[in-house]
Amino acid sequence: MGDLLVSLYAPAVEALGRRTARTDVTIRPVLAPERHVVLSWVERHFSQNWASEAAVAIGRQPSSCLIALSNGELVGFACYDAIARGFFGPTGVAEASRGQGIGAALLHRTLQAMKDMGYAYAIIGDPGPARFYIDAVGAVEIPVAGKGIYADMLRTPKPAVLA
Ligand SMILES: CC(C)(COP(=O)(O)OP(=O)(O)OC[C@H]1O[C@@H](n2cnc3c(N)ncnc32)[C@H](O)[C@@H]1OP(=O)(O)O)[C@@H](O)C(=O)NCCC(=O)NCCS
């Protein structure tokens, strides 16, 4: 599926905020001194690519990388303005903490941060679980062919196979 578009003014976004309001998980922007902690967590749980994107987001002021903490422990993250302005992502929740509404809460808080920054729409680039975004905030596919901004992206070379 191609990139998705979300209206930050859609009633679905506000409704998600009501559904995900909770006090047991703290969601807040990453502080600069926490950068190394968050990046190694993202790399450990997800990938180097996502850690690179999170590094860009954490380097912005205000930080455009939000984290979710449960009992003081990092359980998820979500970024915006990482690969390009106006893009939501990457985002992820630790496997053991999935299915408890944390991903949806992070999604809402991050979209709200984008709205507060002056955006009216958010783009979700190359979404993995598109259904998550369609169901949560009424995201719609942008009908454009091709890989968009991700075309020709450099990737870590695979190690050479020894003969
Ligand atoms: C996608 C992800 C962030 C969701 O986090 P989560 O904390 O498990 O999600 P929640 O518990 O908040 O789920 C909210 C809703 O989305 C649904 N949902 C969760 N993951 C989904 C998925 N992969 N596909 C479709 N729906 C999904 C849940 O069933 C739930 O629905 P409900 O409101 O009807 O109960 C998490 O599964 C993850 O980290 N996945 C791997 C990384 C990834 O793919 N990130 C997205 C890149 S674009």
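Modeller: W41, F46, W50 and F77 are joined into a cluster by ring pairs. This is a predicted model, in which local features need pLDDT of at least 70 and side-chain atom pairs pLDDT 80 or more, while totals for chains, interfaces and linings use all residues. Residues are numbered from 1 along each chain as its sequence is written, and side-chain values use heavy atoms, without hydrogens or water.

Colleague: How many aromatic pairs does a search of the whole structure find, and what makes W41 and F77 one of a particular kind?

Modeller: The search finds 7 aromatic pairs. Rings of Phe, Tyr and Trp (its six-membered ring) pair if their centres lie within 6.5 Å; planes under 30 degrees apart are stacked, over 60 edge-to-face, the rest tilted. The centres of W41 and F77 are 6.3 Å apart and the planes stand at 75°, so this pair is edge-to-face. W41 and F77 are both buried, that is, under 20% relative accessible area with a 1.4 Å probe on protein chains only, where over 50% is exposed and in between is partly exposed.

Colleague: Which kind of pair do F88 and Y133 form?

Modeller: Edge-to-face, with 6.0 Å from centre to centre and 70° between the planes. F88 is in strand 5 (residues 87–93) and Y133 in helix 5 (residues 130–137), 45 residues apart. Both F88 and Y133 are buried.

Colleague: How do you know that the charge of K115 sits over the ring of Y9?

Modeller: The charged end of K115 is 4.2 Å from the ring centre of Y9; the rule asks for NZ of Lys or CZ of Arg within 6 Å of the centre and within 35 degrees of the ring normal.

Colleague: Why is strand 3 called largely enclosed?

Modeller: Of the 6 residues of strand 3 (residues 65–70), 5 are buried, so the rest of the structure largely encloses this strand.

Colleague: What lines the largest pocket?

Modeller: The lining has 33 residues, with W50, P90, T91, G128 and Y133 nearest the centre. Strand 5 gives the largest share, 7 residues. Helix 3 (48–59), helix 4 (102–116) and helix 5 are among the elements that supply at least two residues each.

Colleague: Where does P157 lie, and why does P157 count as exposed or buried?

Modeller: P157 lies in the segment after strand 7 (140–141). Its relative accessibility is 69%, so P157 counts as exposed. From A120, P157 is 37 residues away in sequence and 38 Å away in space, C-alpha to C-alpha.

Key:
Helices (H or I, at least four residues) and strands (E, at least two) are DSSP runs, numbered from the N terminus. On a 1 Å grid over the protein atoms alone, a cavity is a set of points where a 1.4 Å probe fits but cannot get out, and a pocket is an open set with protein on both sides within 12 Å along at least five of seven lines; lining residues have an atom within 4 Å of a point.
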